[in-house]
Amino acid sequence: MNDPSPLLQLERVSRRLGGRTVVRELDLRLARGQVLGLLGVNGAGKSTTLAMMAGAQQPDRGCVRLQGVDLAEQPQRARTDIGWLPERAPLWPELNVIEHLDASARLRGLRGAAVRKRRDALLERLQLQREARRLVAVLSQGQRQRVGLACALLHEPPLLVLDEPGNGLDPLQAAQLRELIRERAAAGCGVVLSTHLLPEVTAVCDRVAILHEGALRHDAPLHAGRDRLLLTLAQSVDAAHIAALTPVAQVQAQDACRYAITLRDDADAPALVQAAVAAGLAVAGVQPVAGELEQAFMRIATQHAASASEQAQAA
Amino acid sequence: MSVRAVMGYEWCRLWTRPLGWVLAALTMAGMGWEFLLMLNQYLALQVRLAAAGNTSGFTDLVTLPWLALFVIAAFVLAPLLTMGALAGERRGGTLPLLFSAGVSPTAVVLGKYFAALLWQLLILLLLLAMPVVLAVVTHPDWGKLAAAALGLTLALAALNAVGVACSAFAGHPALAAAGAFVVTALLVGVNKLALADGAIGGIANWLALSTHLQPMGRGLVSTDDLVWFALLIGTALLLAIRRVGDERTRGG
């Protein structure tokens, strides 16, 4: 959050659509190599926020800075520095996959053998070689999604903006997508990811921001919510005994026999059980803790439902 | 650069869509048939016309009236080939993709305009080949032919600009085509009432397409006519650019 030169910075961004404020006074930062999950109930303003991040829409107030440059002043920066996959991957149905990727590259001013090589590598990576000569109009939703993703990745942008990228993907493809996102982040690319699937967020994101009625209601790192387990013992022991176990990074007693545990980066649940048994503790069970993310999201969603209900009653 | 890139992919879309080919084939077939009919009539009347002292030749009696028919084809071609240019992108949700690629509204509009215009200019070029190949056996009036070709080119440019502008404002390609038909009909018919009253000059006549196209069909090119076409094309394209720019700023 305190990165002196963030890759992407939203400064008090507001946007009205159809007479309604969809995004209000939004401040967000994204560092290089960071994966930000953007969550919110339907209509929270996620897609509009992503479109502004991608340079496809301009804010009414505030500014979106990419590497310190205001996108409204230099919209051409979006050409090379942003890869955007909008919701439902809109594509030109009259073109085949290769034509589509080539057109996308030319629109960004890219030509030549290097681009063709990169295109072919992406087709292979996203398992689209067999569809390469097929018209986009006849592709399945998952295939279209992968073509959209290939377009977003083709020019190797430092910022990736992905709106529901897992739509239509099977579990294997979804896992490959997560791997791809982590790879890009490891290469220094910043990624903003919007999804309704909380497990996808916890699996791939470093930070989570939750929007509600266009305003930012939650913005926190995800480490605290990852790898937390609830260890249940047959007897009550001092929390310090559990903290001394090698796989444990942090422990918090929930009650006499239950402990919320944050594991070290290299540890997993079996390692925790093994260490506890080796230390003479009677393990009754281990299960994932309902994460802070889920709790935060549910709290905000419940507030939303309650306020909507109150408004309806008042009306 | 962006104009060329947009033009390139729009051309690719025109190339792969059957609509462009069907319209081109129908136009070529219809115009080819009319050309043969008019040529046959000319050959049948040629001797009698010469005997009557009529100095009009092949260009006046066949080529120019035949090219005038192409204007009618252009009234249909331009709206149908431009209707999806921006309304189709908007409907398919692909317009923001262009914005996110850093393509300016000007490049979007001009790229699409030039792609559709180029398609129709190729049709015109193929049609012009018919009278031109007859230069082997006759003596066309090249000056009149060039003026008529210029007039048709300008008419196509104007009708396409109107079509792109209608596409920029419409939410659906069919609405864009309907809008372009209406505007074209107004441009054609704006002076009909005035002409019926016997008024030759006046604003209504100046606004009409025929006032500026017919002289070129007779081999006369005037600055006034060129300015009229430039104004119409410029205004239509500026409106389209403004609308697309607004869409980017305000989100449609």
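Leaving out neighbours within four places in sequence, B:Leu64 is in contact with B:Thr59, B:Lys144, B:Ala148 and B:Gly217, where contact means heavy atoms within 4.5 Å. B:Leu64 sits in helix H3 of chain B; helices here are DSSP runs of H or I with at least four residues, strands are runs of E with at least two, and both are numbered from the N terminus. With a relative accessible area of 11%, B:Leu64 is buried (buried is under 20% relative accessible area, exposed is over 50% and partly exposed is in between, using a 1.4 Å probe and protein chains only). B:Ala148 is 84 residues away along the chain, yet its C-alpha atom and that of B:Leu64 are separated by 7.0 Å.

A quick word on ground rules. This is a predicted model, with local features needing pLDDT of at least 70 and side-chain atom pairs counting only at pLDDT 80 or more, while totals for chains, interfaces and linings use all residues. Residues are numbered from 1 along each chain as its sequence is written, chains are lettered from A and ligands numbered from 1 in the order in which they are written, and side-chain values use heavy atoms, with hydrogens and water left out.

Now over to chain A, which has ten helices and 14 strands. Its C-alpha atoms fill a box of roughly 65 × 55 × 40 Å along the principal axes, and 50% of its 315 residues count as buried. Take the contacts in chain A with a separation of 6 or more: 69% of them join residues 24 or more positions apart. Not counting residues up to four places away in sequence, A:Gly188 touches A:Arg32 and A:Gly33, and its C-alpha atom is 8.9 Å from that of A:Ala31, 157 residues apart along the chain. A:Gly188 is partly exposed, at a relative accessible area of 31%.

A:Gln127 is not a glycine either, but has a positive phi of about 55°. A:Gln127 belongs to the loop between helix H4 (113–125) and H5 of chain A, and counts as partly exposed at 36% relative accessibility.

And where is there empty space? Rolling a probe the size of a water molecule over the atoms shows where it is left. The search runs on a 1 Å grid over the protein atoms alone: a cavity is a set of points where a 1.4 Å probe fits but cannot get out, a pocket is an open set with protein on both sides within 12 Å along at least five of seven lines, and lining residues have an atom within 4 Å of a point. Points are joined across faces, edges and corners, and a volume is the space filled by probe spheres set on them.

The largest pocket has a volume of about 610 Å³. Among its 22 lining residues, A:Gln57, A:Trp84, A:Pro86, B:Gly93 and B:Pro96 lie nearest its centre. As for cavities, the structure holds four of 30 Å³ or more, and the largest cavity has a volume of about 140 Å³. Of the 17 residues lining that cavity, A:Trp84, A:Ser104, A:Arg108, A:Cys151 and B:Leu97 are the closest to its centre.
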